[in-house]
Amino acid sequence: MNIFFALTIACYIASSLGYQAYVVFQKRVIYRIAMIGLWTGFVCHTIVIAMNYVEAGYVPVQNIHETFSAFAWAVAGVFLALQIRFNLMVLGALVAPVAALCTVIASILSKPQIQMTPLFENLWRTSHIGAIILGNAAFAIAFLVSILYLIQERAIKSKKRGFFFRRLPSLKLLDSMGYSCLIVGFPVLTFGVIAGAVYSQMVRGRVWSWDPRVIFGVIAWLVYAVLLHERLAVGWQGRRAAIMTMAGFAVLLFTFFLRFLG
Amino acid sequence: MNSRTTASTLNSSILPEKKKIVLIGLNHKTAPVEVREGLAFSSEDTPKALQTLREFPIIDELLLFSTCNRVEFLFTTEDVSAGVEAIKDFLARFKKTPRQAFEQSLYLYDGDDAVRHIFRVASSLDSMVVGEPQILGQIKEAYRYASDYRTCGVILNRLMHRSFSVAKRVRTETGIGDHAVSVSYAAVELGRKIFGDLEGKAVLLIGAGEMAELAVEHLVRNRARPIFVANRTFERGVEMAEKFKGTAIRFDEIHNYFKQVDIVISSTGAPGYIVVRDDFKGIMRARRNRSLFFIDIAVPRDIDPELNRIENVYVYDIDDLNSTIEQNIDERRHEALRGNRIVDKAVIQFRRWFESLDVVPTIVAIRNKMEDIRQKELKKTLATLSSASEEDRMAIDRLTAAIVNKILHNPTVFLKERGHKDKKTLYVDVARRLFHLDESNDMGRGDS
């Protein structure tokens, strides 16, 4: 295994533990360390991906190993970017483990030699997969934020403030963060779907196919389209929006597994 | 050659007995309110008491601290039991109460225990509601009186400044003040968890009542606005609206306002619910699903609890708020344990300073410092004098030792003198500062 990749995994794991400890002990120092760990991991990860690109000559999102790795990278990246605006410290406790888990899975999975055909150099395929990974990362974070929202909403509605009430931010912040993820994720996902259609047209000569992953991909897109519409048109927010965000991600996840299992 | 001084060589000269820090008082835990109210010192009483006690020869420095929950005398003396008797006599005379009436309730601390107690009081660890923030202000005021009437000296000045910084540390480093323990604070805390920021959140107050008004005031302080007030008697509503710089509305209009306000505080004397779930059809849609927070302080309740089931609507009644407060008090107790650890450390630090305030260790420290300087300079000079004979070197050594001794003679005699007993601590303190004996001099006046 590449030394940088090993370092990436180590940083992500250390950062996960740090964020968990921060949630429990609420010490700012621990949070700083966790944050630095995640940044370091992300930088190492970026180096790994750049090295792979230079070595192989294609954007490394072709096999399942690369996909997991790229997804982890995108999740960490989107989180760090959002962190600049929202500073939702607790979320790291969920995001860092996701990044750690995905990189660990990637390290276990074999790296099948890619048959370098001209097809794989195809710009459309790469942008299709790249955009979908990025969109998935944004929605993964929306999913995690929604979990936090539901926990906090439950605490306030049931009037039983448990462990999380004090540690989680306001409902308003959680809701608008989920909304931001949607606003970022949806155009990217849309672009990914279009790129997929273009690619399909080029390779198979038709835009649409009754392939289950295409169908589920479009269903996921529709779920998010409805959610975005409701948010914009009637000001949907809160619990219902959180549940729908989670449902959309469940479909996305299913689609993702279909790609490799189906 | 080295003539470092040790304490035992100086102890033979008997010095006046060392001052002790003593605290005597009673509080809400030891005395019922009937006793406390009989002994409380008002802002007119305090100066009189300080002026009287200042003349007592047995009391050296003094601070008198009185709130509705406690009356405490903090003083320094050379004779603890005589000092305590003097205070008890004074209290009985000044308050015209027989000693038996309060003697049982008094607690007495001296030395480290007194220091610890005052640190704990200032940090609000000894308060009835642990973590309540007013106590520090009250102690500062007591200290201001003592300063104005010049009853504080070197020891209490340092002790009080130290108390303020300990209190500050406890507040910032533990969660002791984090949790709302009154209805209006709990309402604001919940509002923050729902809305994030209360700035610009519209508030509707229905009815009147002290608790409801306090809650509105607290929301206004957190920049919630505009404020609407609805009262069954419109004139009363107008009056209250003026108080909060808000708008009075008619009581039967309230349902229209549910479309635009964010927080509703209700406190009417109505026998049944004034807002029920059926009234709410279409309102959330009109609000574009923005959250709505009901605080129902009325008994019997004004707001149908069923409303809590509507998405993005949160209803808290008085019991809900009270149980939140109870949970918070538990949390504070837990944080108080951490506060006590901070206090314990500070007590040890203070003791170190206090012990050094004695004449003997001060003289020892000055002599040792001078001797260190002499040795260092001697070594430097002799190293350059390669031509000097052993005899010359001895002569130089004797010369420097004699100079040091001559210079220190008068200060030593002065510090040991018995005559100026009142000022002794002051002189010792000044001497330590002049010779810069306390490395960590950051715990002095500088940190207030």
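Q: Where does B:S124 sit in chain B?
A: B:S124 is in the loop between α6 (112-122) and α7 (134-148) of chain B. Helices here are DSSP runs of H or I with at least four residues, strands are E runs of at least two, and both are numbered from the N terminus.

Q: Before going on, what kind of model is this?
A: This is a predicted model, in which local features need pLDDT of at least 70 and side-chain atom pairs count only at pLDDT 80 or more, while totals for chains, interfaces and linings use all residues. Residues are numbered from 1 along each chain as its sequence is written, and chains are lettered from A and ligands numbered from 1 in the order in which they are written.

Q: Back to B:S124. What is its phi?
A: Phi of B:S124 is near 65°, which is positive in a residue other than glycine.

Q: And is B:S124 buried or exposed?
A: B:S124 counts as buried because it has 25 C-beta neighbours inside 10 Å. The cut-offs are 20 or more other C-beta atoms within 10 Å for buried, 12 or fewer for exposed, and partly exposed in between, with C-beta atoms placed from the backbone.

Q: What about B:N289, where is that one?
A: B:N289 lies in the loop between α13 (283-286) and β9 of chain B. Its phi is positive, about 65°, although B:N289 is not a glycine. With 20 C-beta neighbours inside 10 Å, B:N289 counts as buried.

Q: Which peptide bond at B:P226 is cis?
A: The one joining B:R225 and B:P226, with omega about 0°. B:P226 is in the loop between α10 (210-221) and β6 (227-231) of chain B.

Q: And what is omega for the bond from B:V299 to B:P300?
A: Omega is near -5°, and that bond is cis. B:P300 belongs to the loop between β9 (292-296) and β10 of chain B.

Q: New topic: what is the strand order in the four-stranded open sheet of chain B?
A: The order is β2-β3-β1-β4, with antiparallel pairing. Two strands pair if DSSP finds at least two bridges between them. The edge strands are β2 (62-66) and β4 (107-110) of chain B, each pairing on one side only. The twist averages 15° from one strand to the next.

Q: How many bridges join β1 and β3 of chain B?
A: Eight bridges join β1 (residues 20-27) to β3 (residues 70-77) of chain B, and the two run antiparallel. B:V22 has B:F75 as its bridge partner in β3(B).

Q: How many between β2(B) and β3(B)?
A: Five bridges, again in the antiparallel sense. B:S66 is bridged to B:V71 in β3(B). β2(B) and β3(B) form a hairpin, with three residues between them.

Q: How many residues of β3(B) are buried?
A: Eight of its eight residues are buried. Both faces of β3(B) are covered, with B:R70, B:E72, B:L74 and B:T76 on one side and B:V71, B:F73, B:F75 and B:T77 on the other.

Q: Helices next. At what angle do α15 and α16 of chain B cross?
A: Roughly 160°, and the axes of α15 (residues 359-384) and α16 (residues 390-416) of chain B come within 10 Å. Axes are lines fitted to C-alpha atoms, for helices over the stretch in contact, and angles run from 0 to 180 degrees between N-to-C directions.

Q: Parallel or antiparallel?
A: α15(B) and α16(B) are therefore roughly antiparallel to each other. Angles over 145 degrees count that way, those under 35 as roughly parallel, 65 to 115 as roughly perpendicular, and the rest as oblique.

Q: Which residues of α15(B) meet α16(B)?
A: Among them are B:I363, B:I366, B:M370 and B:L378, and the α16(B) side includes B:A401, B:V404 and B:L408. Contact is C-beta atoms, placed from the backbone, within 7 Å.

Q: Last one: how many residues of chain B touch chain A?
A: 19 residues of chain B are in contact with 15 residues of chain A. α9(B) gives the most to that side of chain B, with five residues.

Terms used. Two residues are in contact if their C-beta atoms, placed from the backbone, lie within 7 Å.
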